[in-house]
Amino acid sequence: MRAIRVVSAALLGVSALAMTAPAAQAQGDNSGFWASVRPTTVVPGEHVRLRATGCEQSVTVFSGVFDTVTIPRGRTTAWARVDRDAGPGAVYEVSFYCGTFWQSVDLTIAGGRPDRPEGPGHPEHGVRAGEGGTLAGLDLKEIGLGAALITAALGTAYHLSRRRTDEDGA
């Protein structure tokens with residue numbers, strides 16, 4: 001009975017190890033090499049900043065939308081100018097090569113219809129937030145009642161304050 005428990009625990013451990021091995025191998029493929037393009041959406045003719053980190057040698061950057069760029073060893077960034085004849089709305093792949101490692105990033109050319117909206121649309125008119133101003137909905141009855149209540153409160157406060165001083169002083 002004890003052998004069954006030991007074998008079951010061993011098989012469970014080996015299974016867990018076997019299932020995590022492909023994920024560990026995939027993480028090891030890029031050895032800390034990361035690449036990015038900023039901005040990710042540009043107008044034809046604009047410059048983009050190419051950034052590569054985690055590479056101990058020069059990084060070569062290829063794309064169909066700009067000339068080949070080399071990021072020298074010891075540096076992490078370089079600039080590239082997007083071709084003026086780049087197709088609006090097109091998405092180009094930018095490939096970064098660091099020895100045997102590589103990564104690719106998408107670069108979108110502005111001017112076409114976006115695949116997904118950037119955010120909520122802008123309203124065509126202002127916010128409808130009431131009548132505005134103090135004259136909207138002017139009701140003389142309410143104004144008169146409010147003025148009478150304020151006057152009564154002030155009169156009562158004055159009367160009570162005068163009465164106390166008279167009682168104290170007499």
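This is a predicted model: local features need pLDDT of at least 70, side-chain atom pairs count only at pLDDT 80 or more; totals for chains, interfaces and linings use all residues.
Student: How many helices and strands does the protein chain have, and what pattern do they follow?

Tutor: There are two helices and eight strands in the protein chain, and along the sequence they are arranged as α-β-β-β-β-β-β-β-β-α.

Student: Why are Phe62, Tyr97 and Trp102 called a nonpolar patch on the surface?

Tutor: Patch members must have over 30% relative accessible area and no salt bridge, and nonpolar side chains, Phe, Trp and Tyr among them, are joined within 5 Å; Phe62, Tyr97 and Trp102 form such a patch, with about 320 Å² of accessible area together, and are therefore given that name.

Student: How do you know which residues Trp102 is in contact with, once its neighbours within four places in sequence are left aside?

Tutor: The test is whether heavy atoms lie within 4.5 Å, and, with those neighbours left aside, Phe33, Phe96 and Tyr97 are in contact with Trp102, so each of these pairs meets that cut-off.

Student: What separates the C-alpha atoms of Trp102 and Thr60?

Tutor: Their C-alpha atoms are separated by 9.4 Å, although Trp102 and Thr60 are 42 residues apart along the chain.

Student: What share of the residues in the protein chain is called buried, and why?

Tutor: Of the 170 residues in the protein chain, 18% are buried, and they are called so because their relative accessible area is under 20%.

Terms used. Residues are numbered from 1 along each chain as its sequence is written. Side-chain values use heavy atoms; hydrogens and water are left out. Patches are made of residues with over 30% relative accessible area and no salt bridge: like charges are joined within 9 Å, nonpolar side chains (Val, Leu, Ile, Met, Phe, Trp, Tyr) within 5 Å. Accessible areas come from the Shrake-Rupley method with a 1.4 Å probe; for residues, only the protein chains shown count as cover. A salt bridge is a side-chain nitrogen of Lys or Arg within 4 Å of a carboxyl oxygen of Asp or Glu. Helices (H or I, at least four residues) and strands (E, at least two) are DSSP runs, numbered from the N terminus. Buried means under 20% relative accessible area, exposed over 50%, partly exposed in between (1.4 Å probe, protein chains only).
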